[in-house]
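Dear colleague,

Please find the structure below, handed over for your own work. My notes on it follow directly after.

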Amino acid sequence: MTEISASTANQQPLDTDELIEQRVSALIGRASRRQLWLLFLDDDDIQLPMLVPIDDFPVQPRPADAHALATGVAAIMESAGAVRVILVWERYAGADLSQLDRAWARQLSAECAAAGVPVRAQLLSHKRGVRWIAPDDYLG
């Protein structure tokens, strides 16, 4: 994992997919455990100085669990003044998305939309690095 200073993060807007992937690679990097990371953006696409790990979500996505996560994300965003969230699914396995990865990405995306939480991006932190998760990867 590469170090990134708060002043650097505070100066460069994450306004492209490539910049988001670079930032996630720098902050989270290769997976070491199973958890979900939340990165928050302001209305200028500047990352807010908080990174939230969540490691106690169920293996199988159920609507109630995804709803609770989305509600929690909405509350954090409101208190932090964030306008968008980046979701990073970390798990120690290969870069290919599993059915569970797809199900969680799909379910949380839908619940965030229902809660009025704009998801800017979803990425996967795996044992070799970071990859982008496009909507086509989980909606198709």
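Predicted model: local features only at pLDDT ≥ 70, side-chain atom pairs only at ≥ 80, totals over all residues.

Residues are numbered from 1 along each chain as its sequence is written, and side-chain values use heavy atoms, with hydrogens and water left out.

Strands (E, at least two residues) and helices (H or I, at least four) are DSSP runs numbered from the N terminus. In strand β1 (residues 35-41), seven of the seven residues are buried, so the strand is largely enclosed by the rest of the structure; buried means under 20% relative accessible area with a 1.4 Å probe, protein chains only. Gln35, Trp37, Leu39 and Leu41 point one way from β1, while Leu36, Leu38 and Phe40 point the other way.

Strand β1 pairs with β3 in the antiparallel sense over seven bridges (pairing requires at least two DSSP bridges), and Leu38 stands opposite Leu87 in β3. Strand β2 (residues 47-54) is joined to β1 by five bridges, also antiparallel, with Pro53 of β2 opposite Trp37. The hairpin of β1 and β2 has five residues between the strands, and there Asp45 takes a positive phi near 65 degrees.

A nonpolar core is a set of buried Ala, Val, Leu, Ile, Met, Phe, Trp, Tyr and Cys residues joined through side-chain atoms within 4.5 Å. The largest has 25 residues, of which Leu36, Leu38, Phe40, Val85, Trp89 and Leu108 touch the most other members. Two or more residues each come from β1, β2, α3 (63-80), β3 and α4 (99-114), and α3 gives the largest share, five residues. A second, separate core of 15 residues includes Ile28, Trp37, Val88 and Val130.

Glu90 lies in strand β3 (residues 84-90). Which side chain of opposite charge is nearest to Glu90? It is that of Arg33, 5.9 Å away, and buried Glu90 has no salt bridge (a side-chain nitrogen of Lys or Arg within 4 Å of a carboxyl oxygen of Asp or Glu). The side chain of Glu90 does reach the backbone nitrogen of Ser32 at 2.8 Å, and a polar contact of 2.7 Å joins the side chains of Glu90 and Trp37. A polar contact is a pair of N or O atoms within 3.5 Å; within protein, one must be able to donate a hydrogen and the other to accept it, and residues adjacent in sequence count only if both atoms are side-chain atoms.

Yours sincerely

Key: Buried < 20%, exposed > 50% of the residue type's maximum accessible area, 1.4 Å probe, protein only. Lys, Arg positive; Asp, Glu negative; His and termini not counted.
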